[in-house]
Amino acid sequence: MDYVSALVPPVVMALFFIGVVRVIVKTQGGAAKAKEDAAVDAALARAEGARQASAGDA
């Protein structure tokens with residue numbers, strides 16, 4: 001029975017990892033993709049604007 005107790009943790013971790021990967025893959029795209037892309041674009045634009053503003057002050 002020692003082999004069962006030795007195999008259970010890796011099997012549980014593997015199943016959890018597979019579940020996480022499936023969730024990540026399923027949440028890519030879809031209806032929220034455009035909104036998420038717009039949020040990332042806005043954040044990048046703010047960061048770029050702040051970087052240019054600080055470069056202009058120097």
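Arginine 51 pairs up with glutamate 48 in a salt bridge, with their closest N and O atoms 2.7 Å apart. The term covers a side-chain nitrogen of Lys or Arg within 4 Å of a carboxyl oxygen of Asp or Glu, and by this rule the count comes to one salt bridge. Both partners sit in helix α2 (residues 33-57), and because they are three residues apart there, about one helical turn separates arginine 51 from glutamate 48. Glutamate 48 counts as partly exposed, at 32% relative accessibility; buried means under 20% relative accessible area, exposed over 50%, and partly exposed in between (1.4 Å probe, protein chains only).

A word on the source: this is a predicted model, in which local features need pLDDT of at least 70, side-chain atom pairs count only at pLDDT 80 or more, and totals for chains, interfaces and linings use all residues. Residues are numbered from 1 along each chain as its sequence is written, and side-chain values use heavy atoms, leaving out hydrogens and water.

Now for the overall build. The protein chain has two helices and zero strands, where helices (H or I, at least four residues) and strands (E, at least two) are DSSP runs numbered from the N terminus. Its C-alpha trace spans about 70 × 35 × 5 Å along the principal axes. Buried residues make up 0% of the 58 residues in the chain.

Helix α1 (residues 2-27) is where valine 25 is found. Valine 25 is exposed, with a relative accessible area of 55%. This residue also belongs to a nonpolar patch on the surface, whose members include Met1, Tyr3, Phe17 and Ile18, and which has about 1200 Å² of accessible area together. Such patches are made of residues with over 30% relative accessible area and no salt bridge, with nonpolar side chains (Val, Leu, Ile, Met, Phe, Trp, Tyr) joined within 5 Å and like charges within 9 Å. Accessible areas come from the Shrake-Rupley method with a 1.4 Å probe; for residues, only the protein chains shown count as cover.

Back in helix α2, there is leucine 44, which is exposed with a relative accessible area of 56%. The C-alpha atoms of leucine 44 and alanine 31 are separated by 22 Å, the two residues being 13 apart along the chain.
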